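User: I would like to learn how to read a few features of a model like this one. Please take them one at a time.

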Amino acid sequence: MASNSPIEWTSSTWNPLTGCTKISPGCAHCYAERMAGRLQAMGQSNYANGFELTLQPQALELPLRWKRPQRIFVNSMSDLFHKDVPPAFIQQVFAVMQRATWHEFQILTKRSLRLLELAPSLPWPSHVWMGVSVERQDYTFRIDHLRQTPARIKFLSLEPLLGPLPNLNLAGIDWVVVGGESGPGARPMDPAWARDLRDQCLAASVPFFFKQWGGVNKKRTGRELDGRTWDQMPPAAATRPPTRVNPDASPRTARPSPGNPTAMEATAVED
Ligand code: SF4
């Protein structure tokens with residue numbers, strides 16, 4: 001739905017559905033909810049229902065029209081595996097991703113059990129990355145669910161990090177992103193938690209990406225950890241073969257414009 005995302009670890013966002021409901025402590029200050037309210041107030045048609053879960057079938061084929069290869073975050077404004085999303089619609093989303101071989105897609109969910117249940121009915125091409133969000137120790141079961149899926153690239157978004165995650169089982173995990181909560185009411189992240197996760201990743205040779213410290217003003221706190229940024233990516237991202245561009249694709253890549261509020265969707269990061 002929007003390209004040129006400011007999210008540090010992706011390049012574009014695509015929202016074939018919008019809206020969600022809260023499921024765990026990481027959702028308390030959901031950025032997508034705040035953004036959906038703003039877009040609704042601006043009269044953006046995709047957000048006429050605000051943050052109520054809404055399928056956006058007219059957006060399904062957008063990535064096929066984006067000719068330039070991009071790394072696309074799927075559903076920055078929702079959760080694809082929400083219980084109210086029909087399996088047939090999820091299959092349609094995956095069918096588009098399967099066809100759009102010149103992009104890489106990054107899906108992130110907190111509904112790991114539903115992911116696990118539906119995974120056998122979905123195609124898993126190598127350019128589709130699958131991740132789960134884990135904010136606290138009592139939600140690490142999501143990692144076990146992810147591990148059982150056939151996704152080629154499996155990743156963790158440990159954001160907003162709300163507690164320590166010692167002794168993580170990183171077997172089969174290809175990438176870890178860590179970040180503190182940002183925005184109004186942001187809950188603090190202890191630097192020791194982030195350092196420990198970096199060290200666990202280094203010890204397990206898992207690429208580590210430090211997204212942000214967060215806080216009320218995340219620009220002020222930045223994204224350096226111990227004097228440097230950590231922008232490691234999965235090896236597949238670096239060694240990906242030359243992209244093949246869809247010959248049927250439109251020559252123009254969708255771009256946000258000042259009058260296009262969908263560009264604002266790209267700032268929604270808490271999956
Ligand atoms: S979009 Fe993500 S953070 Fe927001 S309510 Fe849904 S699962 Fe929670």
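Predicted model: local features only at pLDDT ≥ 70, side-chain atom pairs only at ≥ 80, totals over all residues.

User: How do I check the length of a helix, say H3?

Analyst: Helix H3 covers residues 87–99, and its 13 residues should span 18 Å at 1.5 Å a residue; the end C-alpha atoms are 18 Å apart, so the two agree. The burial reading can be repeated here: Ile90, Val93, Phe94 and Met97 are buried in H3. Their arc around the axis is only 95°, which puts them on the same side of H3.

User: What do the buried residues of H3 pack against?

Analyst: They pack against strand S6 (104–109), helix H4 (112–118) and strand S7 (128–133).

User: How should I read a nonpolar core, and which residues have the most contacts inside the largest one?

Analyst: The largest nonpolar core has 52 residues, and Leu156, Leu158 and Val176 have the most contacts inside it. Leaving out residues up to four places away in sequence, Val176 touches Phe155, Leu156, Leu158, Leu197, Cys201, Val206, Phe208 and Phe209. Another core, of eight residues, lies apart from the largest one; Cys20, Ala36, Leu39 and Phe51 are among its members.

User: How do strands S9 and S10 run, parallel or antiparallel?

Analyst: Look at the bridges and at what links the strands. S9 (residues 175–179) and S10 run parallel and are joined by four bridges. Together with helix H6 (residues 191–204), S9 and S10 make a right-handed β-α-β unit. Strand S10, residues 208–212, is mostly covered, with five of its five residues buried.

User: What percentage of the whole protein is buried?

Analyst: Of the 271 residues in the protein, 42% are buried. The protein has nine helices and ten strands. Among contacts between residues at least 6 apart in sequence, 73% join residues at least 24 apart.

How values were computed. Residues numbered from 1 in each chain as written. Buried ≥ 20, exposed ≤ 12 C-beta atoms within 10 Å, placed from the backbone. Helix = DSSP H or I, 4+ residues; strand = E, 2+ residues; numbered from the N terminus. Pairing = 2+ DSSP bridges. Right-handed = clockwise from strand over helix to strand, strands pointing away. Contact = placed C-beta atoms within 7 Å. Core = buried A, V, L, I, M, F, W, Y, C linked by C-beta atoms within 7 Å. Expected span 1.5 Å × (residues − 1). Arc of directions from axis to C-beta.
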